[in-house]
Amino acid sequence: MSIISVKNLTKKFKDFVAVKDISFEVDQGEIFAFLGPNGAGKSTTIKMLTTLLHPDGGMIRLNNFDPVVQGDEVRRSFGIVFQDPSLDDELTAEENLEFHGVLYKVPSSIREKRIGELLKFVDLEDRRKSLVKTFSGGMKRRLEIARGLLHHPKILFLDEPTLGLDPQTRNHMWNYVVKLNKEEGMTIFFTTHYMEEADKVAGRIAVIDHGKIIAVGTSNELKSKTNTKTLEEAFLNLTGTTIRDEEATSKDYLRMARRMWTGRK
Amino acid sequence: MSTIYILWLRQIKRYLRSRARIIGSLGQPILFLIALGFGFGPIFKQAGGGNYMQFLTPGIIGMSILFTAIFSGIELIWDRQFGFLKETLVAPVSRTQIMIGRTLGGATVATLQGLIVLILSLFIGFHLEHFGILLLAIVIMFMIALMFTALGTAIASLLEDMQGFQLIMNFLVMPLFLLSGSLFPLQGLPKAINFVSKIDPLSYGIDALRGILAGNFHFGLGLDFLILFLLIIFFIAIGTFLFRRIQV
Ligand SMILES: Nc1ncnc2c1ncn2[C@@H]1O[C@H](COP(=O)(O)OP(=O)(O)OP(=O)(O)O)[C@@H](O)[C@H]1O
Ligand SMILES: [Mg+2]
């Protein structure tokens with residue numbers, strides 16, 4: 001049974017089409033990865049799924065609800081760790097977590113317990129009472145993750161959760177997420193630029209580029225489809241090697257032309 | 001209920017932690033009280049207006065509340081820019097509750113600020129007949145604060161960043177303050193100014209406050225109260241409507 005169902009979803013920013021007519025399904029209890037170069041439309045899609053942006057076309061069903069007209073029901077179905085910062089810098093680590101717990105109606109006994117556990121888990125126990133504005137980038141990121149794990153939703157969105165984290169923490173976090181997925185049947189929808197993370201934890205992977213989904217399948221399926229050995233090679237094969245920065249394109253052409261002429265890589 | 005409380009609490013905590021902001025925003029009202037109060041006092045008396053400090057203080061309290069309240073509402077833009085707004089927007093709570101919690105928090109902060117100005121004015125020369133009226137004065141202060149926090153939030157819902165802030169200050173907040181009768185009596189004004197002062201919501205707030213604190217009403221407490229009440233409902237409704245439509 002699919003818990004997320006997307007059909008012909010489109011989003012425009014003025015004339016620019018950020019998400020073009022995409023369709024996909026995510027099954028209940030699945031770990032689903034959304035991979036794509038910078039600016040591919042991953043975060044925009046997640047924002048539409050999580051009621052933060054209104055689509056310009058297409059249909060979404062999340063836990064059988066429509067985010068456009070059943071915002072409250074949809075919001076009761078998911079949790080999210082955003083790509084961009086979303087903490088209150090003027091509150092302490094603990095207060096940020098409490099705020100979240102209260103908004104999500106986590107009973108206070110469970111809330112207290114989980115806050116303690118999660119702060120320990122992300123190694124911020126001794127900074128519990130510090131204002132978030134005194135934290136380093138990585139510490140803030142870890143707190144965002146702890147907050148996302150505080151209430152246990154049906155669907156958990158993780159938009160580049162491991163951005164800027166050290167390998168130890170990344171490993172640690174994925175183990176925890178996989179455990180939640182196994183034990184509670186939580187559906188996980190995540191994006192990342194670390195291919196090995198997707199390779200290791202994702203059941204299925206969708207590759208999106210320039211707002212379009214260009215491939216969906218397991219890591220092995222993507223590899224065999226592109227005749228490559230690693231997911232990274234498969235990814236590069238599918239999305240090309242040009243850098244996704246409009247200004248870089250002309251330079252890339254030059255580089256490509258030179259390569260062709262000189263025969264070097 | 002717990003949603004409204006936690007949003008309220010957040011505003012209060014942020015306020016109490018920003019000592020610089022509290023002290024900074026007291027400078028202006030105190031300067032106004034001293035410069036205008038003592039500067040225009042003699043002329044006001046000669047013209048038969050009575051004690052200007054008594055007249056002016058409720059106006060300056062109203063000004064502090066107006067500024068703090070609008071500013072608290074506008075803070076929504078910061079929340080949007082620093083990303084915290086997303087956290088509240090994806091939460092499974094009604095938008096109305098979020099709006100009410102925010103507004104109550106901002107209004108409490110603005111009322112506290114007004115109360116501090118009132119207390120300080122007692123040292124500058126304002127004279128309170130009896131302290132019993134203080135409770136009623138606080139109720140009116142809170143109503144003014146609610147009205148303008150909701151207005152500030154409504155405006156902030158329409159803005160993406162702080163670029164429009166100067167515009168709001170110069171074309172909304174300053175006129176609201178200056179044309180409300182906070183500095184001068186509303187009797188015998190030229191027709192145009194008289195009209196504008198009547199449609200200025202702050203006029204009714206200041207009239208109520210001045211009537212309660214210094215004993216002279218222009219519109220009367222009943223009318224003041226009714227208009228404040230209706231405008232609070234109106235601005236909260238508009239604010240909630242606009243807040244619902246925010247996309248980030
Ligand atoms: N609010 C906005 N206004 C205008 N354009 C936007 C807006 N948000 C996103 N875009 C554009 O839409 C495209 C997709 O952006 P999106 O954030 O979804 O990319 P992404 O796949 O998450 O990339 P990244 O890996 O860099 O996070 C980009 O070209 C971006 O410039
Ligand atoms: Mg993104």
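Tyr52(B) and Phe55(B) both belong to helix 3 of chain B, where three residues, about one turn of the helix, separate them. The model is predicted. Over all chains, the structure holds 21 aromatic pairs. A pair of aromatic rings is described by the distance of the centres and the angle of the planes.

**Pairs around Phe55(B)**

- The ring centres of Phe44(B) and Phe55(B) are 5.3 Å apart and the planes meet at 40°, so this pair is tilted.
- Phe44(B) is in helix 2 (residues 19–46) of chain B, while Phe55(B) is in helix 3 (residues 52–82) of chain B, so the pair ties together parts that are eleven residues apart in sequence.
- Tyr52(B) and Phe55(B) have ring centres 6.1 Å apart and planes at 15°; the pair counts as stacked because planes under 30 degrees apart fall in that class.

**Burial**

- Phe44(B) has 14% relative accessibility and therefore counts as buried, since the cut-off for buried is under 20%.
- Phe55(B) has 8% relative accessibility, so Phe55(B) counts as buried too.
- Tyr52(B) is also buried.

**Charges over rings**

- In chain B, the charged end of Arg210(B) sits over the ring of Phe55(B), 3.5 Å from the ring centre.
- In chain A, the charged end of Lys179(A) sits over the ring of Tyr176(A), at 5.6 Å from the ring centre.

**Aromatic cluster in chain A**

- One aromatic cluster is formed by Phe24(A), Phe32(A), Phe34(A), Phe78(A), Phe157(A) and Phe189(A).

Definitions and conventions: Residues numbered from 1 in each chain as written. Chains lettered and ligands numbered in written order. Predicted model: local features only at pLDDT ≥ 70, side-chain atom pairs only at ≥ 80, totals over all residues. Heavy atoms only, no water. Phe/Tyr/Trp six-rings, centres within 6.5 Å; stacked < 30°, edge-to-face > 60°. Helix = DSSP H or I, 4+ residues; strand = E, 2+ residues; numbered from the N terminus. Buried < 20%, exposed > 50% of the residue type's maximum accessible area, 1.4 Å probe, protein only. Lys NZ or Arg CZ within 6 Å of the ring centre and 35° of its normal.
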